[in-house]
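Biologist: I'm new to reading protein models. Could you walk me through a few features, one at a time?

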Amino acid sequence: MPVTPVQSGSAPGKIAAGAEQTRHRPRVVILGAGFGGLNAALALRRAPVEVTVIDRRNYHLFQPLLYQVATAGLSPAQIAMPIRRILSRQSNATVLMDKIEAVDTAARCVVTGSRRIPYDYLIVATGARHTYFGNDTWADHAPGLKTITDATAIRARILSAFERAEVTDDPHLRQTLLTFVVVGGGPTGVELAGAIAELSRRTIVRDFRRIDSSSARVVLVEAGERILPAMPPCLSRKAQRQLERLGVEVLLGNAVAGCDDSGVRLADGTEIGSACILWAAGVMASRAAKWIGAPADRAGRVLVDGCLNPPGHEEIFVIGDTASVTDAAGRPVPGVAPAAKQMGRYAARAILDDVAGRQSAPFRYRDYGNLATIGRKAAVADFGKARLSGYPAWLVWNFAHLWFLVGFRNRLVVFLDWAVAYVRNDRAARLITGRHEA
């Protein structure tokens with residue numbers, strides 16, 4: 001059933017015909033400019049609607065390559081682009097950098113730190129954050145990786161560990177500084193562990209005089225029985241072998257029971273001394289469920305129907321990591337970039353259908369496969385019947401990520417950086433910045 005646009009009071013005086021027509025166009029407010037939100041906005045670029053995109057940051061981030069910023073492979077500007085620049089030629093789009101405080105579903109308006117923004121349709125794409133499963137005190141000792149700020153802080157933490165090891169004369173402290181623990185065996189954890197191992201064994205091995213960086217210990221801790229649980233077991237095993245060839249220790253079936261400045265304690269009592277612990281063990285959705293008063297799953301994701309609507313709100317669409325969605329076979333839709341992009345485009349089409357008085361078909365997820373890279377010429381790829389590992393999967397991973405980067409300039413610069421890094425075994429972004437600076 002078409003949603004009637006909510007009308008706001010007009011200011012006194014004569015309103016030009018063009019302004020009157022614009023005021024009556026349905027207002028679509030999009031919360032978040034990640035993969036889902038941005039694709040929804042772009043899909044509405046020629047639609048007879050007014051689009052407002054709200055994000056607390058001014059850039060769109062290509063999160064799959066965030067780990068490369070954290071391990072000195074890329075600089076932040078290579079995987080991010082200002083939202084305003086992306087939408088600058090879209091005349092029906094307005095970008096607001098603001099923090100969302102609440103959503104008034106009765107009045108149909110979004111409440112931010114500075115204003116109230118009315119909507120006729122709302123697309124919630126506010127993503128997810130890392131979670132410590134009730135142990136929030138671990139956050140200071142084991143940072144997660146979700147933002148550019150996280151990535152640059154982790155990069156500083158990793159590089160500072162080598163620098164501190166170079167100047168200390170205490171062998172025990174040096175060993176602790178050269179031990180890196182990554183918690184979580186999903187794609188982010190696997191990629192971080194592999195990248196740190198490559199950094200220490202290939203990239204900076206000639207840079208130090210008092211330490212042997214290749215002696216660094218990299219430990220990947222996974223509570224489950226295998227890494228990359230979303231992939232077939234055969235690819236999980238191949239990924240583990242590739243990690244171990246890089247020198248990564250993979251500990252399976254052992255959850256973290258404690259975490260502090262001295263290191264981690266595992267459920268079986270094992271203690272690992274480390275000055276650099278990184279968290280990649282789980283995510284929690286944003287507070288969107290509370291904003292719109294909708295039911296949520298244990299990870300805080302809004303429970304939506306087949307059309308991505310929360311119960312009782314056909315004018316609201318919840319997409320990406322914020323939504324708990326199942327496919328036609330009843331399987332959970334994974335929280336990956338391709339799924340978020342599909343949901344964003346679907347929400348845009350559903351809004352246009354509703355404006356035109358048409359009924360939308362339920363959302364249908366198309367699985368284009370899963371990819372994870374381990375290191376130089378090492379990766380795994382699952383495309384259903386086709387499963388790749390090693391160098392072929394690594395090539396596919398590289399071209400797929402270049403293709404999905406936003407902007408030709410970013411694609412070109414990242415390609416050139418990767419080409420130089422491949423030939424010279426070098427990483428150009430080895431800068432310690434922020435609060436770790438002396």
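Biologist: Which residue is the bridge partner of Asp-382 in E24?

Modeller: That's Arg-387. The hairpin of E23 and E24 has two residues between the strands, and Gly-384 takes a positive phi near 80° there.

Biologist: Before we go on, what sort of model is this, and how are residues counted?

Modeller: This is a predicted model, where local features need pLDDT of at least 70 and side-chain atom pairs count only at pLDDT 80 or more, while totals for chains, interfaces and linings use all residues. Residues are numbered from 1 along each chain as its sequence is written, and side-chain values use heavy atoms, with hydrogens and water left out.

Biologist: Okay. How do I read "buried"?

Modeller: Buried means under 20% relative accessible area, exposed is over 50%, and partly exposed lies in between (1.4 Å probe, protein chains only). Take strand E9 (residues 121–124), which is covered on both faces: Tyr-121 and Ile-123 on one side are buried, and so are Leu-122 and Val-124 on the other.

Biologist: Which strands does E9 pair with?

Modeller: Strand E1 (residues 27–31) runs parallel to E9, joined by four bridges, and Val-29 stands opposite Leu-122. E9 also runs parallel to strand E20 (residues 316–318), with three bridges; there, Val-124 stands opposite Val-318.

Biologist: And what makes a charge patch?

Modeller: Patch residues have over 30% relative accessible area and no salt bridge, with like charges joined within 9 Å. A salt bridge is a side-chain nitrogen of Lys or Arg within 4 Å of a carboxyl oxygen of Asp or Glu. On this surface, Arg-56, Lys-99, Arg-129, Arg-287 and Lys-290 form a positive patch. Arg-287 sits in the loop between strand E18 (283–285) and helix H9 (288–292).

Biologist: Why does Arg-287 count as partly exposed?

Modeller: Because its relative accessibility is 45%.

Biologist: Which residues gather in the patch of negative charge?

Modeller: Asp-140, Asp-260, Asp-261 and Glu-271 do. Asp-260 belongs to strand E14 (residues 256–260) and is partly exposed, with a relative accessible area of 36%.

Technical notes: Patches are made of residues with over 30% relative accessible area and no salt bridge: like charges are joined within 9 Å, nonpolar side chains (Val, Leu, Ile, Met, Phe, Trp, Tyr) within 5 Å. Accessible areas come from the Shrake-Rupley method with a 1.4 Å probe; for residues, only the protein chains shown count as cover. Lys and Arg count as positive and Asp and Glu as negative; His and the chain ends are not counted. The place of a charge is taken as NZ of Lys, CZ of Arg, CG of Asp or CD of Glu. Two strands pair if DSSP finds at least two bridges between them.
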